[in-house]
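Colleague: I am new to this model, and I would like to go through the spaces inside it and along its surface, one at a time.

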Amino acid sequence: MSGTAGLVVVVLLAIAFDLTNGFHDSSNSIAAPVATRAMGPGSAVTVAAVFTILGPVLAGTAVADTVGGLVDVSADSTLMILFASLAAALAWNLSTWWWGLPSSSSHALVGGLVGAGVAVGGVQVVHWGGFEGWRPVGVIGVLAALAISPFLGALAGWSGELLARRALRRAERGVTRLILRGEWLTCAALSFAHGTNDAQKTMGVITLALVASGSIPTFAVPLWVKAVCALALTLGTALGGWRIVRTVGRGIYRIRPLDGLVSQASGTIVISGAAVFGAPVSTTHVVASSVAGVGAGRRWKHVRWPIVREIGLAWLVTMPACASLGWLTALVEKVVL
């Protein structure tokens with residue numbers, strides 16, 4: 001796969017992947033305010049749209065740089081790897097969305113890139129990396145960030161819930177109205193954080209394709225790529241995110257206004273912090289784990305732990321499954337092309 005035709009196919013596939021990323025990850029930004037009725041669906045999607053777009057436009061491209069450096073092969077092989085990895089991640093996203101299971105688009109994309117890279121060029125073309133100071137680089141660094149972030153989300157949700165309940169234990173009923181208004185702010189903040197992290201993964205892939213095809217000389221994310229990726233994420237939320245909204249907003253733990261405020265604030269802190277260091281993390285798993293942490297902080301037995309286990313299983317299975325799909329797709333490509 002090479003030339004203009006190959007570039008167009010990869011870019012279109014990346015946009016389709018970003019759309020399904022919106023089914024999964026963007027929907028987490030609106031799950032709490034919709035579930036607690038702090039915001040209507042239309043208002044929530046609008047706020048998420050605006051701030052998801054602003055995130056990657058204003059906050060830099062550190063995460064895109066990390067994703068763009070995961071494989072190092074020739075230009076023609078790069079487009080082949082990107083096609084196979086995106087096809088694998090897209091298939092996985094659609095499958096898990098159909099079942100309403102929150103799954104990580106980050107895990108899916110990284111797994112697909114690794115599997116396709118090994119199939120096309122061997123293990124030596126994959127940048128395994130580690131850490132440069134606090135900044136994760138290569139597959140090992142990304143894996144570490146993806147592994148640690150859900151636990152940080154759960155810890156932030158649990159501790160935030162305990163602190164918030166203690167601070168408001170003597171508050172009057174009127175404070176609920178302020179909390180519901182506060183969810184507008186946390187929805188905007190979480191959407192902005194999501195844009196600075198998740199939208200950048202597809203930006204990194206498209207920019208890598210542009211460099212490989214000779215369309216741009218160096219790895220620098222163009223403004224149009226930022227806008228297209230952010231818009232695709234938002235459109236995915238509006239069109240197909242409601243299955244995941246129901247799971248996160250009501251399936252894990254039936255959240256109340258204060259729970260929604262705390263879980264969104266917790267997710268925002270973890271995701272924003274990761275973006276500062278260029279660490280790709282899963283919005284899905286950070287937000288889902290923060291909801292579980294909030295529930296545990298209020299009453300352990302009210303958390304639906306079987307659903308949490310299903311999400312955890314998806315967390316473990318997604319990357320090896322997508323690596324296998326990416327590897328298989330790349331092998332088929334080599335035979336056909």
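Modeller: Let us begin with the residue classes: Ala, Val, Leu, Ile, Met, Phe, Trp, Tyr, Cys and Pro count as nonpolar, Asp, Glu, Lys and Arg as charged, and the others, Gly among them, as polar. The model is predicted, with pLDDT of at least 70 needed for local features and 80 or more for side-chain atom pairs, while totals for chains, interfaces and linings use all residues. Residues are numbered from 1 along each chain as its sequence is written, and side-chain values use heavy atoms, leaving out hydrogens and water.

Colleague: What volume does the largest pocket have?

Modeller: A pocket is an open set of points on a 1 Å grid over the protein atoms alone, with protein on both sides within 12 Å along at least five of seven lines, whereas a cavity is a set where a 1.4 Å probe fits but cannot get out. Points are joined across faces, edges and corners, and a volume is the space filled by probe spheres set on them. For the largest pocket this comes to about 390 Å³.

Colleague: Which residues lie nearest the centre of the largest pocket?

Modeller: Lining residues have an atom within 4 Å of a point, and by class those of the largest pocket divide into 14 nonpolar, four polar and one charged. Of its 19 lining residues, the nearest to the centre are Pro150, Ala154, Ser289, Ala292 and Val308.

Colleague: Which element gives the largest share of the lining of the second largest pocket?

Modeller: The second largest pocket, with a volume of about 310 Å³, is lined by 16 residues, and Ile148, Leu152, Ala274, Phe277 and Ala279 are the closest to its centre. Two or more lining residues come from each of helix 6 and helix 10, where helices are DSSP runs (H or I, at least four residues) numbered from the N terminus. In this lining, 13 residues are nonpolar, three polar and none charged. The largest share, five residues, comes from helix 6.

Colleague: Which helix gives the most to the lining of the largest cavity?

Modeller: The model has two cavities of 30 Å³ or more, and the largest holds about 50 Å³ of space. Eleven residues line this largest cavity, with Ala32, Val248, Ser263, Val287 and Val291 nearest its centre, and two or more come from each of helix 1 (3-35), helix 9 (242-251), helix 10 (257-276) and helix 11 (283-298). Seven of the lining residues are nonpolar, four polar and none charged. With three residues, the element that gives the most is helix 1.
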